Amino acid sequence: MDIPKGRVWKFGDDVSGDDGIIEFSIIRDGFGKEFDEAALRAMCFRRLRPEFPQQVRPGDIVVGGRNFAHHNHVEVSVAIRASGIAVVVVESCDSGFLRRALNHGLPVMICPGIHAAVEDGDVISADPVTGVVGLPDGRVLASRPFSERMVQVWRAGGSIPLLEAEFAARRATSA
């Protein structure tokens, strides 16, 4: 799998997941049901950046400040991933966001100094395997690398696809 490299969409501190990244009040009646990815994609970040749903491209990278995506349901991660974002790199976020995002194949990296180091539109790389974030000027920042299992989940596209593949492999070898 290639190292994610893409255009930065920069957001600030204290970005709410349910009342900023998505509009949970609009989708809460469907909570617990199958995701409407088109609706989630259409609302992703539109309160903060109205142009985001139309201008985001596959492979783009979200950079956030401190306390990014606080107060979030799983739909937040699905909306970001469905928008084509390759990786989210933040100053800080809660562990629930990290787990929910990775569960759906969206890597989130905590990288001190990232917010001050980039601007909207910069092209950066962010490698969850090594924890290295490459900046436009050639400098690098360090993030904690993903564990081997986290890398497996990310590369498989989420927990469910990984488990399905592992169970299929076990069935094939035991047959």
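Contact here means heavy atoms within 4.5 Å. This is a predicted model, in which local features need pLDDT of at least 70 and side-chain atom pairs count only at pLDDT 80 or more, while totals for chains, interfaces and linings use all residues. Residues are numbered from 1 along each chain as its sequence is written, and side-chain values use heavy atoms, with hydrogens and water left out.

Leaving aside residues up to four places away in sequence, V78 touches F35, E37, L40 and H104. V78 lies in helix α4 (residues 74-82), where a helix is a DSSP run (H or I) of at least four residues, numbered from the N terminus. Because its relative accessibility is 0%, V78 counts as buried (under 20% relative accessible area, 1.4 Å probe, protein chains only). From V78 to R100 the C-alpha distance is 8.8 Å, although 22 residues separate them in sequence.

## Packing of α7 and α8

Helix α7 (residues 148-156) packs against helix α8 (residues 159-174) at an angle of about 95 degrees, with the axes 7 Å apart; axes are lines fitted to C-alpha atoms over the stretch in contact, and angles run from 0 to 180 degrees between N-to-C directions. The two helices are therefore roughly perpendicular (65 to 115 degrees).

On the α7 side, R149, Q152, V153 and A156 meet S159, P161, L162, L163 and E166 of α8.

Technical notes:
Buried means under 20% relative accessible area, exposed over 50%, partly exposed in between (1.4 Å probe, protein chains only). Angles under 35 degrees count as roughly parallel, over 145 as roughly antiparallel, 65 to 115 as roughly perpendicular and the rest as oblique.
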